[in-house]
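Here is a quick tour of a protein model, written for someone who likes to see the cut-offs. Have a look at the fold first, then read on.

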Amino acid sequence: MADVRLATQSDASTLALLNRHVHDVHVHAEPHRYASPQADVLITRFTEWLGDSSTRILIAEHDGAPVGYVVVVAMELAASPFAQARRYALVDQIAVDSKARRMGVGRALMDAASAAARTLGTVEIQLDVRAFNAGARQFYEALGYASVSHRLAKPL
């Protein structure tokens, strides 16, 4: 089982390294959509997130070594003629080292993400998953997530 803790500014480089475990899969599956950022760009992005009061990043460690993370962002939607105002949490990213998969790390991170979402004052947590990623969809469904919309795309 993994221990999950709140990330700090000193974790930005570690988060950038862990990001490869999820991002490379996306780049490989959809190279027309995803870029391959340099490590310094990733470190800068994680540093920005870590300084944002509407964002929580949690790191999972196994035997003291970092094996995964999750980024949770509080989102605000203003009321419109068509929708109610609402505040929800978005799981922007989750990554688990390929060697640590199927050991409860992802579940521990998602449980911590839900707790972080509550501390951010949200009442719902959402995430997006790419159509090609059947394993991730099954994982989220096993945790109780259900599809609420389907976005379709067509190349032009």
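A contact here means heavy atoms within 4.5 Å. Before using it, note that this is a predicted model, where local features need pLDDT of at least 70, side-chain atom pairs count only at pLDDT 80 or more, and totals for chains, interfaces and linings use all residues. Residues are numbered from 1 along each chain as its sequence is written, and side-chain values use heavy atoms, with hydrogens and water left out.

Let's start with Thr122, which sits in the loop between H3 and E5; helices (H or I, at least four residues) and strands (E, at least two) are DSSP runs numbered from the N terminus. Apart from neighbours within four places in sequence, Thr122 contacts Ala74, Arg87, Tyr88, Ala89 and Ala117. Its relative accessibility is 7%, so Thr122 counts as buried (buried is under 20% relative accessible area, exposed over 50%, partly exposed in between, with a 1.4 Å probe and protein chains only). A polar atom of the Thr122 side chain also lies 2.7 Å from the backbone oxygen of Ala117.

On to the cores. A nonpolar core is a set of buried Ala, Val, Leu, Ile, Met, Phe, Trp, Tyr and Cys residues joined through side-chain atoms within 4.5 Å. The largest one has 25 residues, and Val70, Val105 and Met110 have the most contacts inside it. H3 is the top contributor to this core, with seven residues. Val105 touches Ala2, Ala60, Val67, Val96 and Ala100, again not counting residues up to four places away. A second, separate core has 16 residues, including Val22, Leu42, Phe46 and Ile57.

Strand E2 is mostly covered, with six of its eight residues buried. Its pairings are below; two strands pair if DSSP finds at least two bridges between them.

| Strands | Bridges | Direction |
|---|---|---|
| E1 and E2 | four | antiparallel |
| E2 and E3 | eight | antiparallel |

Within these, Asp3 has Glu61 of E2 as its bridge partner, and Arg56 stands opposite Val72 in E3. The E2 and E3 hairpin has two residues between the strands, and Asp63 there takes a positive phi near 55°.

Finally, the rings. Rings of Phe, Tyr and Trp (its six-membered ring) pair if their centres lie within 6.5 Å; planes under 30 degrees apart count as stacked, over 60 as edge-to-face and the rest as tilted. That gives four aromatic pairs. Tyr140 and Tyr145 have ring centres 6.0 Å apart and planes at 65°, so they are edge-to-face. Both Tyr140 and Tyr145 are buried. Phe46, Trp49 and Tyr69 are linked into a cluster by ring pairs.

Key: Polar contact = N/O pair within 3.5 Å; in protein donor to acceptor, adjacent residues only side chain to side chain.
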